[in-house]
Amino acid sequence: MFPSSVIRKLANSEEMLAETENFVGLAADVKGPIDIDVLESAYDALLETRPYLTTRIERGPDGRHQLVADDLVPEGIEVVELDDPTDEGPPLYFNQNESLVHLRVTIRDGQAQPTLYVHHALADGHHMYSLIEELLSYYTDMVTTGKIRRGPVQPVPESIEAVLADRGIQKGPRSGIERFMPAVFAYDLPPSRRAVTGDKPPFPVKVPMVSCRLSEQHTDSIVALCRAQGIGLTAMLAAILLMAEWRIRGSANIPIPLIYTVDLRYFLTPPVSATGCTNPVALTTFLADVDRRTDVVELARAIAETFKADLADGTIQQSRLHFSPQYSGNAPGLPDVVLLSDNGLVPPVRTPPGVEVLSTHGELYFNVSSGIEIYFTQIYSGQLNVEYHSFAPGAEEAVETIRELLCEVAEKYAGTSAGAS
C-alpha cells in the first residue's frame, strides 16, 4: 500500500462527474509518422508539468468524493495495433479510484491516432484541447531539438464554484431552467427516444457516437452567414440543430427545449486561463417553437438575443450554482432536451515537419443507468464537424438529417460574405 493524501474535496459541479465516473477522450487524427518512444517522453513531461493528472478520486468518510495523491507511478502509453479499419480495439476500463488519465495510441495501416482520456471532474473540452496542444508541443520539441521546453509545474485547477466566489458571483434567483416550465406536462408526448441502459454498469461505458463533417465550402458559407447577420456561430448552429430535431421528431407541434454550454473563460473578469479551472462552463436555455414557417436566421437571432439578455442580468454566469450533483437524465413531463456543446473554431496545434493533425473527435464514457444524448460541434482545419453521442436508436438517420439541413442552409446563403461587415 502507498500512502495517499487528500488534496481537496470535490465541489458540487465536480461531484456529479465523479458520481457518473465520467471520462472524456479527445482523439487526434494524425497524418505522418509518430515515434512512440518520443511521444512517451512528451507524455511523461505533460504529467510532470501537470501532476494533478496523476491524482485519483476516492469517496470520503462523509460520502462525498475527494481528490487524492499518492506515490504510485502513472501508467505509460497504451499502444494498440489493428488490421481492421472498423475495429475500435479492446475496450477501455476506467476506474477513478486508480487513475484519472490515460493515453492510448491506436495504429491502423501504420498510422497512429493518439487519444487522451481525462476524468471530466478535472477538465472540460477547452482544458482538454490545451492538454493535447501541450502534449504535441512537447513531442514537436523532442523531434526537432531533442529536448523539451517545459513550463513551471501547474497546481490543481480550481472548481467553478471557487472561481465564481473569487469574482463575487453568487447564486441568484434564476437558473434559466424556468424557461422550460410552460412545456412541462403540457403535451401528449411520444415515448422518449432516449434509451435507458438498465442497471448501473460495473464500470464506465462508452457512449456510441455518429458524426458528420461538412466541406470547407459549406463551412465557410455558414461562418459567412453568421458574420453578415451579426449572429454568433453557436446560436446559428443551435438554430440549425433545433430545426433538424423538429424534423427528426416528426414535425410535431411540440416545443423543443435547448440547453447549451457557455465557456465562461471569455466572460469573467479577471479571465480564467485555459487550464486554471476544472469546468468553467455555464448552461443557458432556450425553448423553441418550430414549424414549417420558421426561418433559421430569425431563430438563431432569437437564441442570440436571449443569450445576451441572460448574460447581461448575470443568469448565465451563476447558472451552474443551481444544479445538484445527481444525474437523473431528462426531466419528467418535459419534451426531450437538446443538449449542445459548441467548441467553435479550434486552432491548429504544433507538429513536427511531415506530421499534421487532420481532425479531432471526442469520446464519452459514463457509468449511469439513464440514457445519454449530447451534440458536440467544432470547426477544425476549416471544416465543421457535428458529433452525436447517444444510446438512442436511429442515430445515423438523425445525423444525416442534420447534415442535409446544414448543407441546405450553407447552399441557400452561399455568397453571403459579400454582405458581411
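Student: Let's start with Ser381: is Ser381 buried, partly exposed or exposed, and how do I read that?

Tutor: Buried means under 20% relative accessible area, exposed means over 50%, and partly exposed is in between (1.4 Å probe, protein chains only). Ser381 has 40% relative accessibility, so Ser381 counts as partly exposed. Before we go on, this is a predicted model, where local features need pLDDT of at least 70 and side-chain atom pairs count only at pLDDT 80 or more, while totals for chains, interfaces and linings use all residues. Residues are numbered from 1 along each chain as its sequence is written, and side-chain values use heavy atoms, with hydrogens and water left out.

Student: Where does Ser381 sit, and what is its phi?

Tutor: Ser381 is in the loop between strand E14 (373-380) and strand E15 (383-390). Those labels are DSSP runs numbered from the N terminus: helices are H or I with at least four residues, strands are E with at least two. Phi of Ser381 is near 55°, a positive value in a residue other than glycine.

Student: Which phi value does Asp109 have, and where is Asp109?

Tutor: Asp109 also has a positive phi, near 50°, and is not a glycine. Look for Asp109 in the loop between E6 and strand E7 (111-119). With a relative accessible area of 70%, Asp109 is exposed.

Student: Which residues gather with Asp109 in a patch of negative charge?

Tutor: For the rule, patches take residues with over 30% relative accessible area and no salt bridge, joining like charges within 9 Å and nonpolar side chains (Val, Leu, Ile, Met, Phe, Trp, Tyr) within 5 Å. Lys and Arg count as positive, Asp and Glu as negative, with His and the chain ends not counted; a charge is placed at NZ of Lys, CZ of Arg, CG of Asp or CD of Glu. Here the surface patch holds Glu81, Asp83, Asp84, Asp87 and Asp109. Asp84 lies in the loop between strand E5 (78-82) and strand E6 (101-108), and is partly exposed at 38% relative accessible area. Asp109 and Glu81 are 28 residues apart along the chain, yet their C-alpha atoms are separated by 8.6 Å.

Student: And which residues form the nonpolar patch?

Tutor: That would be Tyr93, Phe203 and Val205, with about 280 Å² of accessible area together. Such areas come from the Shrake-Rupley method with a 1.4 Å probe, and for residues only the protein chains shown count as cover. Tyr93 sits in the loop between E5 and E6, and at 57% relative accessibility Tyr93 counts as exposed.

Student: How many salt bridges does the count come to?

Tutor: In general, side chains of opposite charge can pair when their charged atoms come close. The criterion is a side-chain nitrogen of Lys or Arg within 4 Å of a carboxyl oxygen of Asp or Glu. By that rule there are 22 salt bridges. One of them joins Arg56 and Glu58 at 2.7 Å, N to O. Arg56 is buried, at 8% relative accessible area, whereas Glu58 is partly exposed at 25%.

Student: Which parts does the pair of Asp124 and Arg265 tie together?

Tutor: Their side chains meet in a salt bridge of 2.8 Å, N to O. Asp124 lies in the loop between E7 and H3 and Arg265 in the loop between E10 and E11, so the bridge ties together parts 141 residues apart in sequence. Both Asp124 and Arg265 are buried.

Student: Which salt-bridge network includes Asp310?

Tutor: Asp310 is linked with Arg174, Arg179 and Asp313 in a network of salt bridges. Between Asp310 and Arg174, the closest N and O atoms are 3.8 Å apart. That pair links distant parts of the chain, 136 residues apart: Asp310 is in helix H7 (residues 296-312), and Arg174 is in the loop between helix H4 (160-166) and strand E8 (205-206). Asp310 counts as buried at 4% relative accessibility, while Arg174 is partly exposed at 30%.

Student: What span should helix H6 have?

Tutor: The expected span is 1.5 Å times one less than the number of residues. H6 (residues 233-248) has 16 residues and should span 22 Å, which agrees with its end C-alpha atoms being 22 Å apart. Since 13 of those 16 residues are buried, H6 is largely enclosed by the rest of the structure. Gly250, with a positive phi near 85°, follows H6.

Student: And where is the cis peptide bond?

Tutor: From Thr269 to Pro270, with omega near -5°. Pro270 is in the loop between strand E10 (256-263) and strand E11 (281-288).
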